[in-house]
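Trainee: Could you take me through one part of this model in detail? I would like to look at a single sheet and what surrounds it.

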2 protein chains.
Amino acid sequence: MQKIVIVEDDEKLRNELKIFLEKNGYQAVILEKFNNAVKDILKENADLILLDINLPFTDGEFICKEIRKESQVPIIMVTSRDNEIDELLSMNYGADHYVTKPFNIQILLAKIASILRRTNMSEMNQNRINCKKFILNVSKSTIEKDNQVLELTKNELKILHYLVENMGKIVSREQIMSYLWDSESFIDDNTLTVNMTRLRNKLEEFGLKDVIETKRGQGYILNEIS
Amino acid sequence: MQKIVIVEDDEKLRNELKIFLEKNGYQAVILEKFNNAVKDILKENADLILLDINLPFTDGEFICKEIRKESQVPIIMVTSRDNEIDELLSMNYGADHYVTKPFNIQILLAKIASILRRTNMSEMNQNRINCKKFILNVSKSTIEKDNQVLELTKNELKILHYLVENMGKIVSREQIMSYLWDSESFIDDNTLTVNMTRLRNKLEEFGLKDVIETKRGQGYILNEIS
DNA sequence: CTTAATTATAACATATTCATACAAAAATAA
DNA sequence: TTATTTTTGTATGAATATGTTATAATTAAG
């Protein structure tokens with residue numbers, strides 16, 4: 001179930017919103033105190049935030065800006081006047097969407113549904129890196145090729161991601177290792193080799209032979225030839 | 001400031017994009033007519049191109065392909081349907097990145113930033129040194145010549161790199177040695193000679209005879225004659 | 001022309017690096 | 001829990017890059 005945080009000082013309105021959203025299949029959380037709003041909001045880890053611009057003590061623009069520093073969660077700003085929207089836009093606080101009070105609650109619902117559908121879709125599709133021979137989908141931890149999909153484990157994804165990011169450049173074993181594991185944990189140098197072999201086997205089974213080349217004594221390199 | 005060309009037929013969307021990108025520190029250019037798109041795009045000499053696949057009169061795939069003939073500028077293809085991506089990929093038009101409409105603009109921004117950072121980095125690391133007779137690719141530890149590639153080992157690369165960096169100047173054996181090995185390890189003076197011979201043989205087999213000249217009593221020098 | 005210093009070559013030895021296979025441990029799912 | 005997947009560790013062997021030694025070739029000076 002998708003979670004929506006309601007940040008609204010009008011107690012009556014926010015309770016109505018909560019009930020309404022819950023009736024429509026969302027999990028709705030109300031923020032009651034605004035003295036620590038940004039932290040409280042982020043803590044909820046919501047899918048969407050409904051944020052009134054006029055709040056006591058603090059203001060919505062600030063909260064919006066602060067949230068954007070930490071998260072890309074979609075934010076719907078609720079304004080009281082039409083022209084507030086223009087002011088907001090010119091400030092570029094990072095909110096994606098706006099509604100003006102008083103708003104038609106059905107329209108708000110449609111808006112929310114649309115935003116959530118969109119972000120879900122785009123999140124699924126954005127982190128795709130085209131490597132000529134295949135696409136690395138970082139979000140899904142898969143590689144795609146000829147309409148076929150290969151699932152990658154955590155380590156496999158990380159190694160491949162690092163190689164892809166440095167396509168055409170030799171990356172040393174040390175580099176990969178420090179990318180894979182925290183520098184604190186002392187992991188056998190050979191563990192990387194093992195992971196490498198497994199990744200290669202997996203890739204070869206998928207029809208991607210010799211994608212990762214060993215540069216003995218220097219590291220590994222991703223062949224960028226198409 | 002980095003320049004982004006927006007190729008999008010939806011007037012509203014492209015204007016929004018332009019404003020948004022400009023607010024985020026980019027120079028955004030809109031393409032208004034598409035009858036001469038490829039030329040117009042290339043003329044802008046942009047750092048990145050945002051290219052809608054569905055355009056009137058012409059189509060994005062064609063434009064992409066044409067651009068690729070002239071330039072390696074990163075291209076983000078904007079598609080309307082998910083499965084369009086797969087079609088695109090199978091054609092291999094050379095676009096590096098894709099977003100599906102409707103897209104979250106913050107995610108798009110992050111993507112752009114990531115792509116530009118990456119390409120900037122790789123430009124910086126344009127570790128290809130042109131030596132008239134051959135190109136030394138430090139990132140790949142190879143030399144290239146007439147579409148042929150010769151792999152170098154760590155030592156070979158280091159020696160050649162040092163010589164190339166000092167092209168046309170005599171470098172003493174001591175210089176090369178301290179560049180090759182840590183000053184701590186005491187390595188036989190003749191070891192350098194052996195490495196030198198090996199490198200020379202390798203180069204000669206590759207069709208690069210007498211590239212490294214011995215200056216008896218002084219060191220070695222890379223012949224820069226073209 | 002000799003001789004001594006320097007550099008080159010060849011053959012050999014060693015050390016590093018990596019791949020593979022298997023086992024154990026840890027994480028995750030059923 | 002148990003079962004399964006994923007990750008990590010260890011051992012072995014092969015490949016190869018590099019270092020060592022010995023000997024030959026080259027060069028400059030006397």
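Before we go in, how many helices and strands are there in chain A?

Mentor: Happy to! This is a predicted model, in which local features need pLDDT of at least 70, side-chain atom pairs count only at pLDDT 80 or more, and totals for chains, interfaces and linings use all residues. Residues are numbered from 1 along each chain as its sequence is written, while chains are lettered from A and ligands numbered from 1 in the order in which they are written.

Chain A has 8 helices and 11 strands; helices (H or I, at least four residues) and strands (E, at least two) are DSSP runs, numbered from the N terminus.

Five strands of chain A form an open sheet in the order β2-β1-β3-β4-β5, with parallel pairing; two strands pair if DSSP finds at least two bridges between them. At the edges are β2 (27–30) and β5 of chain A, each pairing on one side only. Direction ignored, neighbouring strands are turned by 20° against each other on average; axes here are lines fitted to C-alpha atoms, for helices over the stretch in contact, and angles run from 0 to 180 degrees between N-to-C directions.

Let us follow the pairings. Strand β1 (residues 3–7) of chain A runs parallel to β3(A) and is joined to it by 4 bridges, and Val7(A) has Leu51(A) in β3(A) as its bridge partner. Two helices of chain A pack on the sheet. Helix α1 (residues 11–23) of chain A touches β1, β2 and β3 of chain A, and its direction makes about 165° with that of β2(A). Helix α2 (residues 37–44) of chain A also touches β1, β2 and β3 of chain A, with its direction at about 165° to that of β1(A). Contact here means that the C-beta atoms of two residues, placed from the backbone, lie within 7 Å.

On one side, β3 (residues 48–52) of chain A pairs with β4(A) in the parallel sense over 4 bridges, and Ile49(A) stands opposite Ile75(A). Strand β5 (residues 97–100) of chain A pairs with β4(A) too, again parallel and over 4 bridges; there Thr79(A) has Thr100(A) as its bridge partner.

How covered is β4(A)? Of its 5 residues, 5 are buried. In a regular strand the side chains alternate between the two faces of the sheet. In β4(A), Ile75(A), Met77(A) and Thr79(A) lie on one side and Ile76(A) and Val78(A) on the other, all of them buried, so both faces are covered.

Finally, a glance at chain B. Ala37(B) lies in helix α2 (residues 37–44) of chain B. Ala37(B) counts as buried because it has 22 C-beta neighbours inside 10 Å. Leaving out residues up to four places away in sequence, Ala37(B) touches Val7(B), Leu31(B), Thr58(B) and Ile63(B). Ala37(B) and Glu66(B) are 29 residues apart in sequence, and 9.9 Å separates them in space, C-alpha to C-alpha.

Key
A residue is buried if 20 or more other C-beta atoms lie within 10 Å of its own, exposed if 12 or fewer, and partly exposed in between; C-beta atoms are placed from the backbone.
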